[in-house]
Each structure stands twice: as structure tokens, then as C-alpha cells.
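Here is a short report for a reader new to this structure. Look at the sequence and the model, then read on.

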Amino acid sequence: KHLAQYSNQTDKNGWKSLVENCYLRLQRECPEFKYILNKLEPSKGDWKRANIEPDSKVSLKDCSDFFKISKFKYLEHTGDTSKVIITDSSWTDYFLDGSYSKLSLIKTNNCDFVITFIESNNYIRNGFSKPGDKYRYKILQKFDTYYEMFIEIPGSTQMQTFRLYY
């Protein structure tokens, strides 16, 4: 409804870019839109919608160990595997197509942290996030091959759990 007014004000490529950017950004900013997309195309990864924030079942040692590992993997919505390198102050995603996303990391306590988007040369991540966008993480539980994680977009009702493999 709101995009139609711009269709005659730009060329075909500009119009396509505008629609794609709105589609990606809406997934972050509009919980209802994200819910509809998840119904239409269920995740092939480990991501699950959360209605409430789960309680953490990890020990302080488990959390300390998490930050010593540094190299992790997770399954994307598509089922593809992405790699993550975590340091004391950064989170960097590496995707199958060779692209990356860089985020800063600040621990808020022993088992929680916030990552802040800096930049990405990945088309989807660059459209989904803007510099300064924050994501709050909580370590929920440690298993033999992965950590169960909680993620929330601050200021939104969007919450999910997923597995971060080590």
C-alpha cells in the first residue's frame, strides 16, 4: 500500500532494491510480519520462536567456558551452516557465500551479552540490520556439542531460541 507511490519515482532496479530492503527490514521490525513468514516458510534450522524469556540453566563455569571457545557454528533459517568467531569484544559471522557480518560484543553479566551491528557485506544481513542495531543474547544451557541460546531484539517482542554448536 505505501510502496506503490514510489514505483513511478525510480527506475526498475531502484524499485526492486526498495522492495527488497523493506522486505528484509520488516522481518526485524515487525513481529507480525516475521510470524507470517515463519508460517509460510518454516525454519530448517534450530530457531524457535519464544513467547517468554526462558530461565537459564547454566553454571557460571559453563558461561566462562563459552567465552573461551571462540569458534562456533549455527544453522540458518535455510538450513545452511554459518560460522561465528567470538572474542571478548566482537562477534563475526561467516556465511557459505564467503560474506561476513561484523558486530561488537559487550558482556552484560557472566551469561548474557549484547551484540551491536557494525557492518556486513552479506546482502540479507545488510538489509536486515543497520549500524547500531542491537541483539541481546542469553546462554540458556550447555550440552555436549552445543549451547542453547536465547536472542531478543530489544524494544521488540521478537524472541527466539537456537543452538550454537562448538
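## Pro54 and its loop

Pro54 is found in the loop between β1 (48–49) and α3. Helices (H or I, at least four residues) and strands (E, at least two) are DSSP runs, numbered from the N terminus. This is a predicted model: local features need pLDDT of at least 70, side-chain atom pairs count only at pLDDT 80 or more, and totals for chains, interfaces and linings use all residues. Residues are numbered from 1 along each chain as its sequence is written, and side-chain values use heavy atoms, with hydrogens and water left out.

Pro54 has a relative accessible area of 24%, which makes it partly exposed. Not counting residues up to four places away in sequence, Pro54 touches Lys138, Leu140, Phe150 and Thr161. Contact here means heavy atoms within 4.5 Å. Pro54 and Gln160 are 106 residues apart along the chain, yet their C-alpha atoms are separated by 9.8 Å.

## Ser56 in the loop

Ser56 also has its place in the loop between β1 and α3. Its relative accessibility is 32%, so Ser56 counts as partly exposed. Leaving aside neighbours within four places in sequence, Ser56 is in contact with Lys138, Ile139 and Leu140. From C-alpha to C-alpha, Ser56 and Met149 are 9.2 Å apart in space, while 93 residues apart in sequence.

## Two buried strand residues

Thr161 lies in strand β9 (residues 159–165). Is Thr161 buried or exposed? Thr161 is buried, at a relative accessible area of 11%. Not counting residues up to four places away in sequence, it touches Asp46, Trp47, Lys48, Pro54, Leu140, Glu148, Met149 and Phe150.

Glu148 belongs to strand β8 (residues 146–152). With 16% relative accessibility, Glu148 counts as buried. Which residues does Glu148 contact, leaving aside its neighbours within four places in sequence? They are Lys138, Ile139, Leu140, Gln141, Phe143, Thr161, Phe162 and Arg163.

## Helix α1

Helix α1 covers residues 12–29. At 1.5 Å a residue, its 18 residues should span 26 Å, and its end C-alpha atoms are 26 Å apart, which agrees. The expected span is 1.5 Å times one less than the number of residues.

The buried residues of α1 are Leu24, Gln27 and Arg28. Seen down the axis of α1, they fall within an arc of 105 degrees, so they line one face of the helix. The arc is that of the directions from the helix axis to the C-beta atoms. These buried residues pack against α2 (31–40), α4 (123–128) and β7 (134–142).

## Arg25 on α1

Arg25 lies in helix α1. Its relative accessibility is 21%, so Arg25 counts as partly exposed. Leaving aside neighbours within four places in sequence, Arg25 is in contact with Gly127, Phe128, Ser129, Lys130 and Asp133. The C-alpha atoms of Arg25 and Asp11 are separated by 21 Å, with the two residues 14 apart along the chain.

## Where α1 meets α2

The axes of α1 and α2 come within 6 Å and cross at roughly 105 degrees. That makes α1 roughly perpendicular to α2. Angles under 35 degrees count as roughly parallel, over 145 as roughly antiparallel, 65 to 115 as roughly perpendicular and the rest as oblique. Axes are lines fitted to C-alpha atoms, for helices over the stretch in contact, and angles run from 0 to 180 degrees between N-to-C directions.

On the α1 side, the contact is made by Tyr23, Leu26, Gln27 and Glu29. On the α2 side, Pro31, Phe33, Lys34 and Leu37 take part. The residues of this contact divide into 5 nonpolar, 1 polar and 2 charged. Ala, Val, Leu, Ile, Met, Phe, Trp, Tyr, Cys and Pro count as nonpolar, Asp, Glu, Lys and Arg as charged, and the others, Gly among them, as polar.

The buried residues of α2 are Pro31, Lys34 and Leu37. They cover an arc of only 125 degrees around the axis, which puts them on the same side of α2. They pack against α1 and β9. The face turned away from the buried side of α2 carries the exposed residues Glu32, Lys39 and Leu40.

## Ser70, a loop residue

Ser70 lies in the loop between α3 (60–69) and β2 (71–75). Phi of Ser70 is near 70 degrees, a positive value in a residue other than glycine. With a relative accessible area of 23%, Ser70 is partly exposed.

Technical notes. Buried < 20%, exposed > 50% of the residue type's maximum accessible area, 1.4 Å probe, protein only.
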